[in-house]
Amino acid sequence: MARDIQLIRILGEETYNKISNSKVLLVGAGGIGCELLKDLLLMGYGEIHVADLDTIDLSNLNRQFLFRQKDIKKSKANTAVAAVALFKGNTRLEPHHGNIMDVSQFPLSWFRQFDIIFNALDNLEARVYVNRMALFINKPLIESGTTGLKGQVQPIFPYLTECFECTAKETPKTFPVCTIRSTPSKPIHCITWAKNFLFTQLYGEESEEEINRADLETDDAQEIEALLKETNELLELKKLIKEDSAEEFIDSVVEKIFVEDIVRLAKIDTLWKTRQKPIPLDYELYSKKLKELPTSILSDDQKIWTTEENLFVLIDSLKRLQARYKSEGVLDFDKDDKDTLDFVVAAANLRSFIFGIETKSEFEIKQIAGNIIPAVATTNAIFAGFSSLQSLNVFSDNPVGNSRLIYDSEYINKFVTQCPPLPGNPNCKACGIQRGIITVPSLDIQLGEIHKQLLKKYGYSDDVSIVVGNNRLIYDYDFEDNLTSSLKDLTIGSGSIFFVSDSGDDLQDIELYLEVAPQETEITLTDITIKKKPLKKEESKEEVTIQDDQMEEIFDEDEILLIDEPTEKRPLEIEQEETYSKRKKSAI
C-alpha cells in the first residue's frame, strides 16, 4: 500500500516493522481517544484494542468526530472502531465496551498481551488504576489529558521514570451533607442538592438502607431530626408520583420542599447565629402570576429566570417527569435530557432564592451540573498527536532518553513546552514500592501456603503482615487465625491485591496481584529484587546531668515528660522536597 511505503520512508524499515507487529491498548474513546485512534491507525500499528465504558451523548458530537447523531446512546468503543474501519489498512481492531477496572472482563493477564498502553481518560480513578496495572506488568504507559486549552502527554516507563501518581492530583470538590441540605451559601451547593439529592430521592432507585446519622455530618440534634424527617417525607412523596394527579403531586412537592422544609430549618436557631435565615417561598403569591408567563421561557437557556419563571419551569418539568416515571420507571439525570435539566435548574434556583444566593441561567447550571469543562477539539488533536509520536520512542535504542514530557506552555509565544521524563518520586505510593504477581492454581489454596512461599521467595522473616484489599489484615505475627483458611473461605478472589509489610522494618514492602491459573500446579511468585530499607540516621545523644532535686520537678508523680524536637533534614531530603514542590501538579 502507498501508506506503508510512505511510513517506511519516514520511520525506517526497522521501526516500521516493530510498529506493524505490535499490539497496543487504547483506554478511552472520547475527545482524545477518537483523535488518537485515528493517529495510531495511520501510523500502521498492527493491532489496536479500544476500551471504553461510556455511551455517546449529544454533547460529545462537537469534538468527538468519529460519532454522528445516529450514534447517540451507542457504545463509544464499538462506534469508534466501526467509524475508522474504512481506513484501517492492515491494522486489526478490537473494541471492548466495559469498565477497565472490571477484573472479570479485564484481568491482569489480559493487559499483559500489549506492548504499549495509551491512556485517554478523563476519570482520575481509572487513570490511577491503569497506571498501577502498567506497574504490575512493567509495560510502557503513554498518559495524556486535556482541559480546555491546557494539556499534557506523559510517557511512563515503570520504575525508570515518574508514574502518574508521583505528583499530587487535584481531586473533585465535595461538600459536607449538612451544608448541602441545611446551610447552603453558594450556587454550587443548591445545584448539588437539586441534582444529587432531590432528583435522586424523587426519581432514582429506592434504597432499602436506613440513613446513617453519622453520614449527616452534624452534631445538632434538631438538625438531624429535621433532615431525617425531610428524607422520610420525600419517600412518601415518591409514592404519590404514580398515585396522584399531576396537580396534586406538584402542589405536594412545592409545599413540602420550598415551604414546610424551610420553615422547619428556620426554627433551628443554632444554624442561623452567623447566617441569614432562609425565607420560605410564598407559593400562593407566585402561583397567581404563572398564567401570564409564555412557554417560550423553556427555550431561553441564556436568561437568568425570575422567581415566578423558575416556578413555572419547575411545575412544567414535574408534569413531564411524572408522566415519564409512570411509564419508564427509574430516571437518571442527564445534562442533555431537557426534562431532567429543567427540573434541576428550577429547583436549584428556587432554593438559591430562598437562601439569598445568586441564581444562574440554565446554560450556566448545565455546565456545572454536567461537570462540563469546555473542550477544545484542536487541543485534543494536538495532544493526541504528541501521544502517538511519543510512542515511537518505545521502539528506539534509548526509550527513556529519547522520550519527552510535553505540556502546555505559559508563554504567550509558545503553545507547548517539553522536558525529559523526570525520575520517580521515592515517596510515591504507586512506584515507590515493588510490585509483582502471585499465581495460584485455585482459590482452595490455604493462606498458610502463600505465607510460606512469601518467606522463602523474598527472604522475609516470619514477622510480616499481610493486608488484602482495602486495609483488611489477614495475617501478622500475632494473628495467625487465618493460616489454615483457604482464599475462598477468606472471600479473596482473582484480582485481589496483597500488601506485604516487614514488621521488623528490615526489607521494603511489596504489593502482589493475585491471579488464578488452573493450568498451574503450584504457587508461583514473580522475581522481585527487594532491597533493605534505608537505615535511619541516628541522632547524637548528649550527656545531661540532672540533680536529684531537679528530678522531682521533671517527674511529678505519674507524669511522663516527652521531648519531641524536629530532627535536622539531610541535604538529599531537602533537595528532593524542593524538586517535587516545583513540579507541575495538575490532574489534566
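The model is predicted: local features need pLDDT of at least 70, side-chain atom pairs count only at pLDDT 80 or more, and totals for chains, interfaces and linings use all residues. Residues are numbered from 1 along each chain as its sequence is written, and side-chain values use heavy atoms, with hydrogens and water left out.

Trainee: Are the axes of H8 and H13 parallel, perpendicular or oblique to each other?
Mentor: Helices (H or I, at least four residues) and strands (E, at least two) are DSSP runs, numbered from the N terminus. Axes are lines fitted to C-alpha atoms, for helices over the stretch in contact, with angles from 0 to 180 degrees between N-to-C directions. H8 (residues 187-203) and H13 (residues 338-354) have axes that come within 9 Å and cross at roughly 125 degrees. Under 35 degrees is roughly parallel, over 145 roughly antiparallel, 65 to 115 roughly perpendicular and the rest oblique, so H8 and H13 are oblique.

Trainee: How do the residues of the contact of H8 with H13 divide into nonpolar, polar and charged?
Mentor: Contact means heavy atoms within 4.5 Å. Among the residues making it are Trp193 and Phe199 of H8 and Phe343 and Arg351 of H13. Ala, Val, Leu, Ile, Met, Phe, Trp, Tyr, Cys and Pro count as nonpolar, Asp, Glu, Lys and Arg as charged, and the others, Gly among them, as polar. The contact divides into 12 nonpolar, 2 polar and 2 charged.

Trainee: How many aromatic pairs are there?
Mentor: Rings of Phe, Tyr and Trp (its six-membered ring) pair if their centres lie within 6.5 Å; planes under 30 degrees apart are stacked, over 60 edge-to-face and the rest tilted. By this rule the count is 16.

Trainee: Why is the pair of Phe199 and Phe333 edge-to-face?
Mentor: The ring centres are 6.4 Å apart. The planes stand at 80 degrees, so the pair is edge-to-face.

Trainee: Where are Phe199 and Phe333 in the chain?
Mentor: The pair links distant parts of the chain, 134 residues apart. Phe199 is in helix H8, and Phe333 is in the loop between helix H12 (307-328) and H13.

Trainee: Is Asp506 buried, partly exposed or exposed?
Mentor: Asp506 lies in the loop between strand E12 (497-502) and strand E13 (510-516). Buried means under 20% relative accessible area, exposed over 50%, partly exposed in between (1.4 Å probe, protein chains only). Asp506 has 48%, so Asp506 is partly exposed.
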